[in-house]
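Subject: Structure handover

Hello,

Please find below the structure I said I would pass on. My notes on what was found follow it.

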Amino acid sequence: MLTYARNIRDTVMTTLKGMQITLRNLRRPETTVQYPEEQCEIKPGYRGFHTLDQEICILCFQCAKICPVDCIEMAATRVEKKFLSWEQFTVDYNKCLFCDLCVEVCPVDCIHMDRKTGPSQYAVITDDRTTLNIDLLIYRGLSETGVKAVDKLRADKAAAAAKPAPAPAAPPSAPAAPRTTEGA
Ligand code: SF4
Ligand code: SF4
């Protein structure tokens, strides 16, 4: 009988305690959002998926070299020595540790982890792991400004090559015969 009464008392006390916590939290402001319809503000320094300012990148490979898990790969060719024609810049999120080292080492501040917008800044949802090797390139080949600059450079070179070669200089005239004083 005593145990029965004790059980009833514990049940009532536990319920009251739970209700007390619920009522206390009802007055607190909400800290959750209805993702993905609503999204939290991304603070500077947040380590999310990478973005690349492709036009600024100088193909120095420093990010790939410092990456502790070798998950960055890039390929581009130089056109007219200074313009990059892009083929690949991938980050393999099967391996990435979100350590930020690649961002910190970049000498021109062109790779970031807090600039993506939309639901993809938080999550890549997939059942195929091969899709997690993501290419950050926005365009392939040369940039628009690169194409114009290369075209101009090549047109200038072609124009310079088509110019007629300057006429060869006339040979210097023979030196005058020295005068003699013979018979003077
Ligand atoms: S965040 Fe770290 S692990 Fe991920 S790509 Fe950059 S250096 Fe590599
Ligand atoms: S460190 Fe920066 S500039 Fe160098 S290859 Fe990586 S992203 Fe490009």
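From the N terminus on, the elements of the chain run α-β-α-β-β-α-β-β-α, which comes to 4 helices and 5 strands. Here helices (H or I, at least four residues) and strands (E, at least two) are DSSP runs, numbered from the N terminus. The radius of gyration of the chain is 36 Å, well over the 16 Å that the globule rule gives for 184 residues, so the chain is more spread out than a compact globule. That radius is taken over C-alpha atoms, and the globule rule is 2.2 Å times the number of residues to the power 0.38.

This is a predicted model, in which local features need pLDDT of at least 70 and side-chain atom pairs count only at pLDDT 80 or more, while totals for chains, interfaces and linings use all residues. Residues are numbered from 1 along each chain as its sequence is written, and chains are lettered from A and ligands numbered from 1 in the order in which they are written.

Overall form

Taken along the principal axes, the C-alpha atoms of the chain fill a box of roughly 165 × 35 × 30 Å. Of the 184 residues, 10% count as buried. A residue is buried if 20 or more other C-beta atoms lie within 10 Å of its own, exposed if 12 or fewer, and partly exposed in between, with C-beta atoms placed from the backbone. Among contacts between residues at least 6 apart in sequence, 74% join residues at least 24 apart. Two residues are in contact if their C-beta atoms, placed from the backbone, lie within 7 Å.

The sheet

There is an open sheet of 3 strands with the order β2-β3-β5 and antiparallel pairing. The edge strands are β2 (72-79) and β5 (133-135), each of which pairs on one side only. Neighbouring strands of this sheet are turned by 15 degrees against each other on average, direction ignored. For that angle, axes are lines fitted to C-alpha atoms (for helices over the stretch in contact), and angles run from 0 to 180 degrees between N-to-C directions. Two strands pair if DSSP finds at least two bridges between them.

β2 is joined to β3 (residues 83-92) by 8 bridges, and the two run antiparallel. They form a hairpin with 3 residues between them, and E80 in the turn has a positive phi of about 50 degrees. V79 stands opposite F83 in β3, and the bridge partner of R78 in β3 is L84. On the β5 side, 3 bridges join β3 to β5, again antiparallel, with T90 opposite D135 in β5.

R78 lies in strand β2. Is R78 buried or exposed? It counts as exposed, with 10 C-beta neighbours inside 10 Å. Not counting residues up to four places away in sequence, R78 touches F83 and L84. The C-alpha atoms of R78 and P107, 29 residues apart along the chain, are separated by 19 Å.

The ligands

A residue is near a molecule or strand if its C-beta atom, placed from the backbone, lies within 6 Å of it. Ligand 1 has 13 residues around it, of which C67, C96, C99, L101 and C102 come nearest. That shell divides into 12 nonpolar, no polar and 1 charged. Ligand 2 is surrounded by C57, I58, L59, C60, F61, Q62, C63, V105, C106, V108, C110 and I111. By class, the shell around ligand 2 has 11 nonpolar, 1 polar and no charged residues. Ala, Val, Leu, Ile, Met, Phe, Trp, Tyr, Cys and Pro count as nonpolar, Asp, Glu, Lys and Arg as charged, and the others, Gly among them, as polar.

Loop residues

F61, one of the residues around ligand 2, is found in the loop between β1 and α2 (62-66). F61 has a positive phi of about 70 degrees although it is not a glycine, and it counts as exposed, with 10 C-beta neighbours inside 10 Å. F98 sits in the loop between β3 and α3 (101-105). F98 has a positive phi of about 55 degrees, again without being a glycine, and is exposed, with 11 other C-beta atoms within 10 Å.

E30 is in the loop between α1 (2-26) and β1 (51-52). E30 is exposed, with 6 other C-beta atoms within 10 Å. The C-alpha atoms of E30 and E80, 50 residues apart along the chain, are separated by 57 Å.

Regards
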